[in-house]
Amino acid sequence: MTNKKGFYYDPEKAKQLLEEASYKDTDGDGLGEDPDGKKLTINFAISSGGEVDEPLSQYFLQSWKDVGLDVKLTDGRLLEFQNLVDRVTSDDDGVDIFAMGWSVGANPKPENFSRKSQMNLARYATKESDEILKAISSKQAFEDDNYLKEQFKKWQQYTVDDPSEIPLRYSVQVTSVNKRIKAFNASNDSTVTTEWSDVELTADNPVAE
């Protein structure tokens, strides 16, 4: 990991950036218009699947309003998760910004940011990004740990300088498996599966420490 500074709550900086981009409040309602002076409304899509999604969405809406942005929930409500996925993947005009979560597994390679990855929902693709991702998966990176480490650092800095998405939270899933169970795999890797016909119990009762 690097010690690069990430993004922190800075409403004054946000106002400055909007001003520089000519998103200004021209009618005195406290909300900025676009560079052509037209009313700007941004549609924000977020799912209703988690217990924190409702308060989180309201926090976002208020924070955006505080810096002069008129942001509204897509359809005026939180969306069912599959509905959100369908609308994001189909480039729905009612979605300008979205918040979504998914499993990343144990592989640290940022392959989800590849221009051909189905998980690249932000549709982010640049020549520089392609080059770094190619280097991370190269033969040289496989054979030289120091080279791989430098490419990871380069990628981390690149995503700070030109972010396509901003992580909000990260959770770890823990699966407890008693020692009497054999041939069970709890990996998130989609290529690794547990064949239940192979799972065995090596003792009649759970093994206690």
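What do the buried residues of α4 pack against? Here are my notes, starting there.

1. The buried residues of α4 pack against α5 (139-143) and α6 (145-161). Helices here are DSSP runs (H or I, at least four residues), and strands likewise (E, at least two), numbered from the N terminus.

2. A word on the source: this is a predicted model, where local features need pLDDT of at least 70, side-chain atom pairs count only at pLDDT 80 or more, and totals for chains, interfaces and linings use all residues. Residues are numbered from 1 along each chain as its sequence is written, and side-chain values use heavy atoms, leaving out hydrogens and water.

3. On confidence, pLDDT (the predictor's score for each residue, from 0 to 100) averages 87 over the chain, and 92% of the residues reach at least 70.

4. Back to α4, residues 127-136: Ser 129, Ile 132, Leu 133, Ala 135 and Ile 136 are buried. Seen down the helix axis, these fall within an arc of 160° (taken from the directions from the axis to the C-beta atoms), so they line one face of α4. The face turned away from that buried side carries Lys 127 and Lys 134, both exposed. Buried means under 20% relative accessible area, exposed over 50%, and partly exposed in between (1.4 Å probe, protein chains only).

5. Ser 137 sits in the loop between α4 and α5 and is partly exposed, with a relative accessible area of 43%. Leaving aside neighbours within four places in sequence, Ser 137 is in contact (heavy atoms within 4.5 Å) with Lys 109 and Glu 111.
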